[in-house]
Amino acid sequence: MGNPPLTEGGVPSPCVDICRLDAAGLCIGCRRTIGEISEWPRAAEARRREILRQLELRTVREIPNTPLGKSP
């Protein structure tokens with residue numbers, strides 16, 4: 001796969017073009033909420049980085065044996 005697309009402001013979008021919400025209200029492709037998805041185009045660079053960090057933390061909670069969330 002290539003690099004994620006850069007959006008205005010230089011922060012790469014987490015979108016992977018699999019845009020459907022699961023039962024928890026998270027996109028099955030990028031794991032953002034509908035609010036985060038709709039906010040992204042007008043969000044400042046700092047807010048976009050905050051959203052990306054929240055996605056990292058969300059992923060670690062969902063998949064505890066990833067490199068960031070490896071269980072002891």
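Predicted model: local features only at pLDDT ≥ 70, side-chain atom pairs only at ≥ 80, totals over all residues.
**Notebook: salt bridges, a buried arginine and a nonpolar patch**

Residues are numbered from 1 along each chain as its sequence is written, and side-chain values use heavy atoms, with hydrogens and water left out.

I then looked up the accessibility of this pair. Asp22 is partly exposed at a relative accessible area of 26%, whereas Arg31 is buried at 18%. Buried stands for under 20% relative accessible area, exposed for over 50%, and partly exposed for what lies in between, with a 1.4 Å probe and protein chains only.

I searched the whole structure for salt bridges and found six. One of them joins Glu39 to Arg47, with the closest N and O atoms 2.7 Å apart. Glu39 is partly exposed, its relative accessible area being 21%, and Arg47 also counts as partly exposed, at 21%.

I next examined Arg53 and Glu56, whose side chains form a salt bridge at 2.7 Å, N to O. Both lie in helix H2 (residues 45–62), and because they are three residues apart there, about one helical turn separates them. Helices are DSSP runs of H or I with at least four residues, strands are runs of E with at least two, and numbering starts from the N terminus. Arg53 is partly exposed at 44%, and Glu56 is partly exposed at 35%. I also recorded one network, in which salt bridges with shared partners join Glu39, Arg47 and Glu50.

I turned to Arg58, which is found in helix H2. Is Arg58 buried or exposed? Arg58 is buried, with a relative accessible area of 13%. Apart from neighbours within four places in sequence, its contacts (heavy atoms within 4.5 Å) are Leu26, Arg31, Arg32, Thr33 and Glu36.

Val16, Ile18 and Ile28 make a nonpolar patch of about 230 Å². Patch residues have over 30% relative accessible area and no salt bridge; like charges are joined within 9 Å, and nonpolar side chains (Val, Leu, Ile, Met, Phe, Trp, Tyr) within 5 Å. Accessible areas come from the Shrake-Rupley method with a 1.4 Å probe, and for residues only the protein chains shown count as cover. Ile18 belongs to the segment before helix H1 (34–39) and counts as partly exposed at 40% relative accessibility.

Notes:
Salt bridge = Lys/Arg side-chain N within 4 Å of Asp/Glu carboxyl O.
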